[in-house]
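User: Hi! I have a chain to look at and would like to learn how to read it. Could you walk me through it?

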Amino acid sequence: MKKQVKIALMSNAGGSGKTTLAVNIGYELAHAGHFVCLFGFDPNASLTMFVGLDEPEPEQTLDRVLSKNFDGSWPAGVKGLKKSRPV
Ligand SMILES: Nc1ncnc2c1ncn2[C@@H]1O[C@H](COP(=O)(O)OP(=O)(O)OP(=O)(O)O)[C@@H](O)[C@H]1O
Ligand SMILES: [Mg+2]
């Protein structure tokens, strides 16, 4: 199994370039031949949009998974994906 490296980019300061940095690090690593998976934990979903995807509904973001009343079913309402069973 290939070694996995996890990089977390965090800052309480808004607009300080977190998402821009994540996209560019991801791009460069992918360009160098690494498999890259980007997770955006910010409910503003800007990472999704920065990589050219449509703005998701709030229900389709990790914000739902992290909410207090999360029941284990996610993603919600995404065509072609099966809902996971509540745990
Ligand atoms: N190195 C840079 N030089 C100039 N502008 C930059 C740089 N990095 C990011 N920006 C610009 O600053 C703005 C904020 O960047 P970004 O959205 O990445 O910040 P953020 O920390 O993720 O913000 P938020 O807290 O709102 O999620 C964007 O308009 C982006 O294009
Ligand atoms: Mg951001």
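User: Happy to start with confidence: which helix of the chain has the highest mean, and which the lowest?

Analyst: This is a predicted model, where local features need pLDDT of at least 70, side-chain atom pairs count only at pLDDT 80 or more, and totals for chains, interfaces and linings use all residues. Residues are numbered from 1 along each chain as its sequence is written, while chains are lettered from A and ligands numbered from 1 in the order in which they are written. pLDDT is the predictor's confidence in each residue, from 0 to 100; helices (H or I, at least four residues) and strands (E, at least two) are DSSP runs, numbered from the N terminus. The lowest mean, 83, belongs to H3 (residues 62–65), and the highest, 96, to H1.

User: How many helices and strands does the chain have?

Analyst: Reading from the N terminus, the elements run α-α-α. That comes to 3 helices and 0 strands.

User: Which helix gives the most residues to the shell around ligand 1?

Analyst: A residue is near a molecule if its C-beta atom, placed from the backbone, lies within 6 Å of it. The residues around ligand 1 include Gly14, Gly17, Lys18, Thr19, Thr20 and Asp42. With 3 residues, the top contributor is helix H1 (residues 18–31).

User: How many residues of that shell are nonpolar, polar and charged?

Analyst: Ala, Val, Leu, Ile, Met, Phe, Trp, Tyr, Cys and Pro count as nonpolar, Asp, Glu, Lys and Arg as charged, and the others, Gly among them, as polar. On that basis the shell around ligand 1 has no nonpolar, 8 polar and 2 charged residues.

User: Is Ala45 buried or exposed?

Analyst: Ala45 sits in the loop between H1 and helix H2 (46–50), and its phi is near 55 degrees, a positive value in a residue other than glycine. Most residues other than glycine have a negative phi. A residue is buried if 20 or more other C-beta atoms lie within 10 Å of its own, exposed if 12 or fewer, and partly exposed in between, with C-beta atoms placed from the backbone. Because Ala45 has 20 C-beta neighbours inside 10 Å, it counts as buried.

User: Which residues does Asp63 touch, beyond those up to four places away in sequence?

Analyst: Asp63 lies in helix H3, and its 17 C-beta neighbours inside 10 Å make it partly exposed. Its C-alpha is 5.5 Å from that of a residue 20 positions apart along the chain. Two residues are in contact if their C-beta atoms, placed from the backbone, lie within 7 Å. Not counting residues up to four places away, Asp63 touches Pro43 and Pro58.
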